[in-house]
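Let's explore this structure together, one question at a time. Take a look at it first.

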Amino acid sequence: MQIFSPSADTWFRAGLAAFAVLVAALALVGGGYARSEYLTQVGWTRDQQVPFSHKHHVGDLGIDCRYCHTSVETATRAGLPPTHTCMTCHSQVWTGAPMLAPVRKSLATGEPLHWRRVAQLPDYVYFDHSIHVDRGVACVECHGRVDRMPLTWRAKAFEMKFCLDCHRDPAPHLRPPEQVTRMDWSDWSEDRAEAFGMAAMRRFHVEPARLDSCEICHR
Amino acid sequence: MTAPSRYHQITGEVVSIPPRFPAPRAWWLLFAGALALLALWVVAVAVLLVRGPGVWGNNIPVGWGFPIIGYVWWLGIGHAGTLISSMLLLLSRSWRNSLNRFAEAMTLFAVVCAGLLPILHLGRPWYFYWMAPYPNTMGVWPQFRSPLAWDFFAVVVYLVVSVAFWYVGIIPDLASARDRATKRRWQFFFGLLALGWRGAGSHWLRWRQAYRLTAALAIPLVALVTASYALLFAGGPVHGWNSTIFPAYFLVGAVFSGFAVVGILAVVIRSLLGLRDLITPLHFDRIGKLLLATGLMTLYGYLADAFTALYGGGYELETLHDRVGGAYAWSFWGAVVLNFVPLQFMWRRRFRTSPIVLALVGVSVAAGMWLERYMLVVTGLFRDWTGSSTGLFHATFWDWALFAGFIGVFATGMLLFVRLLPVVSAFEIKREIGESGG
């Protein structure tokens, strides 16, 4: 008696082929997902209590990053400004703007504004802003052109590869430390950046071989 | 008996086992025991995943503990199946035909157990695929200079080749099982697995090429896998491990423990399925001789290791003192006694051909080789170079639960194999009868 129909062999082969395709597709989808903006949140803004615009404050008004992020040169964290910092201006300008109601409320009650973090590193990563600023890694290198962000979004994926690309080849990413908050570096050619970076590496004894080891970031 | 009727009888004997199982009661009893251990495995793994490796006795300085002991032990058991099958195939030792099928299945399930143990040992087992070299968002590759990366590759390749070898070898028997099956569900089951085998000349030609090619691939893999995990030990600056004899020492020890388990399985399967004229005293005799030979080589490894320590002195000598008289002397002497004392029965043919003696020696050797792995891992680690990093290792309940659980994983796999598939290579035995003229 016949066990299988005449088309069984075709179905079996089709099944095997489908399985192979499925495995390949899963690998591709998995790899794509790991790099997707859905996962890395690159370019996504987050809802904030106050729709703060870096474009307005940095791009249009030219306020330096360190005016608000005061601890960036001395501490691991750049720091978020207390409400008093906002009020240095907003006690004088836009005093009645509905948009700023949460800021006034924060000042009145003493409860800080609750900002939602945009640039986030995993907690098993030891990252120190001060040393990066001190050696001339410009803000724009990791945070992108915040002077063009009406609402703040994550500019880079902050994957390990992103950190390592720079740690393994720091030269093109180094700038004069005194200009670290400058956003627009279009007047620096690649050659100039490279030449400056090589000199900076020599001066600061930056050794990629050391920056590449695990315990630099995972302590 | 004429050759054709003998063919008929062998095929009937082997392939009719799954549809008309000869020992349902004994099988169900064993299977219930295996499932209970499997359930224990599930619980032990769940507890590990929820609470982390702190549930084990592993702690600095003894970071390896039971999972790595088990890993080395299970892989070693697996190697014997590959060697019996492939090496004896290429050497045309036809007596292997009664043993190779279940020995290969033993390899498969042992490798599965061995592969899972280091993954569970990772602490975050769900990231085990980081061991594989694939383009990732971290910008790092596995450390190709480390034996760890090569160990991973070796075990994965070994698993794939073992599956391929076992499956290619079983296809012709699956086809005879399909042709003999009367119930629709067995016809379908075997028919699907037999991949449309019709026994045509072209099939046999291809089959022979594929089978011998896979066998030739499998043999160097045994050496590769043992070497890779032996070098994981030998590559470290740990006294008692830092020894160039390790790859050879691990290889013979592995095969020794594997032949012991082949012996146990041969006795159990023979009496469970009543395969008295397929697995004969001749086979027990051969297994016993192999056990004796590999056992004596392992003993030589022990002696060479001790000699190196005596000759080299220093920390190596201290580790030797620790082994023969320290906190873990029981594991050293336990290994020596269980491995080599009952083994001496194997000098006499009368004991080699006795199933009960062979099985008991097998159990003793399997336990002895486990103790040896314990002794190697723990005595190497528990006393470091500095007094501050000395710490005794004590296995916890969950260590033992996982150990027993893995025996459940192995036994469940083996019992399902015995229940569902042809356990002996019927067609190879028939060819042997045909070639020897009946």
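A residue is called buried if 20 or more other C-beta atoms, placed from the backbone, lie within 10 Å of its own, exposed if 12 or fewer do, and partly exposed in between. This is a predicted model, in which local features need pLDDT of at least 70, side-chain atom pairs count only at pLDDT 80 or more, and totals for chains, interfaces and linings use all residues. Residues are numbered from 1 along each chain as its sequence is written, while chains are lettered from A and ligands numbered from 1 in the order in which they are written.

Q: What percentage of the residues of chain A count as buried?
A: Chain A has 219 residues. By the cut-off of 20 or more C-beta atoms, the buried share of chain A is 12%.

Q: How many residues of H8 in chain B are buried?
A: Helices are DSSP runs of H or I with at least four residues, numbered from the N terminus. H8 of chain B covers residues 246-273. This helix is mostly covered, and of its 28 residues the buried ones number 23.

Q: Which residue just after H8(B) takes a positive phi?
A: H8(B) ends at residue 273. Just after it, a positive phi of about 65° is taken by B:Gly274.

How values were computed: Helix = DSSP H or I, 4+ residues; strand = E, 2+ residues; numbered from the N terminus. Expected span 1.5 Å × (residues − 1).
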